[in-house]
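Subject: Handing over the structure, with notes

Hello,

Here is the structure I promised you. Please open it beside this email and follow along as you read.

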Amino acid sequence: MTRSPELTTAEADLLGYLRAHAELYEHSAPGTVSWAYRSAYHLLLQHGRFFEPADLPTGIAPMTEKLCYGNASTTARRHPGLVYVEGFAAAGVGGASVVPLAHAWCATADGTVVDPTWQDGWGQAYFGVPVVAPGRWPDPAAGGSVLDSFDLLRAGLPPQAFGDIGRRCP
């Protein structure tokens, strides 16, 4: 895959993964053709943004692994100024190949990642949709994905619920 000069290798790999999965839905999910987004991959490719990986800031405690949706929701609620973001992130440690995973994290107004779930250095690339309306964030105790909602995929994004932070896809 040829990568765009504006993207890091991890970002280009993550974007390629999302595009490949969206294409699979084009051929395997004919029942979604009338929906606003055929899949969460389509929604992300249309509205997603890149976010800048960073170490967890002082004052924000790391949380339990594998509970990213609830962790990000809890962290955003506890720290005014943070926004809940959901999408995919590429994990990789020590120069290893990156592995794209469905993930949720928080972001600052300038698009810097605040990831309470993954250890510092794990997140090599982050691509997601910032959810600025706290009423749309997952219940911290229950977790669960916002973007996999069939109602959201069928009807589309309510414009006031999603923010304009992060770096647009080139």
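Where is the place of Leu14? Leu14 sits in helix α1. Before going further, please note that this is a predicted model, in which local features need pLDDT of at least 70, side-chain atom pairs count only at pLDDT 80 or more, and totals for chains, interfaces and linings use all residues. Residues are numbered from 1 along each chain as its sequence is written, and side-chain values use heavy atoms, with hydrogens and water left out.

Helices (H or I, at least four residues) and strands (E, at least two) are DSSP runs, numbered from the N terminus. The 20 residues of α1 should span 28 Å at 1.5 Å a residue, and the end C-alpha atoms of α1 are 29 Å apart, which agrees. The expected span here is 1.5 Å times one less than the number of residues in the helix.

Is Leu14 buried or exposed? Leu14 is buried, because its relative accessible area is 0%. In these notes, buried means under 20% relative accessible area, exposed means over 50%, and partly exposed is in between (1.4 Å probe, protein chains only). Leaving out residues up to four places away in sequence, Leu14 touches Phe88, Ala89, Ala90, Pro100, Ala125, Tyr126 and Phe127; contact means heavy atoms within 4.5 Å. Leu14 and Leu101 are 87 residues apart in sequence, yet 9.2 Å apart in space, C-alpha to C-alpha.

**Nonpolar cores**

A nonpolar core is a set of buried Ala, Val, Leu, Ile, Met, Phe, Trp, Tyr and Cys residues joined through side-chain atoms within 4.5 Å. How many residues does the largest nonpolar core have? The largest core has 39 residues, and those with the most contacts inside it are Leu43, Leu44, Tyr84, Phe127 and Leu147. At least two residues of this core come from each of α1, α2, α3 (68–78), β2, β3, β5 and α4. Helix α1 gives the most to this core, with 6 residues.

Take Leu147 as an example: not counting residues up to four places away in sequence, Leu147 touches Ala40, Leu43, Leu44, Glu86, Gly87, Val129, Leu152 and Leu153. There is also a second, separate core of 11 residues, which includes Val83, Ala107, Trp118 and Tyr126.

**Aromatic pairs**

Rings of Phe, Tyr and Trp (its six-membered ring) pair if their centres lie within 6.5 Å; planes under 30 degrees apart count as stacked, over 60 as edge-to-face and the rest as tilted. By this rule the count comes to 9 aromatic pairs. One of them is tilted, because the rings of Tyr25 and Tyr41 have their centres 5.9 Å apart and their planes at 45°. Tyr25 lies in helix α1 (residues 9–28) and Tyr41 in helix α2 (residues 40–47), so this pair ties together parts that are 16 residues apart in sequence. Tyr25 is partly exposed at 32% relative accessibility, whereas Tyr41 is buried at 14%.

Trp35 and Phe150 form an edge-to-face pair, because their ring centres are 5.8 Å apart and their planes are at 65°. Trp35 is in the loop between α1 and α2 and Phe150 is in helix α4 (residues 150–155), so the pair ties together parts that are 115 residues apart in sequence. Phe150 counts as exposed, at 53% relative accessibility. Ring pairs also link Tyr17, Tyr25, Tyr41 and Phe88 into a cluster.

**Salt bridges**

A salt bridge is a side-chain nitrogen of Lys or Arg within 4 Å of a carboxyl oxygen of Asp or Glu. A search of the whole structure finds 5 salt bridges. In one of these, Arg167 meets Glu11, with the closest N and O atoms 2.4 Å apart. Arg167 is in strand β6 and Glu11 in helix α1, so the pair ties together parts that are 156 residues apart in sequence. Arg167 is partly exposed at 31%, while Glu11 is buried at 3% relative accessibility.

Arg168 and Asp164 also meet in a salt bridge (3.4 Å, N to O). Arg168 is exposed at 54%, and Asp164 is exposed at 56%. Salt bridges that share partners join Arg49, Asp164 and Arg168 into one network.

Enjoy exploring!
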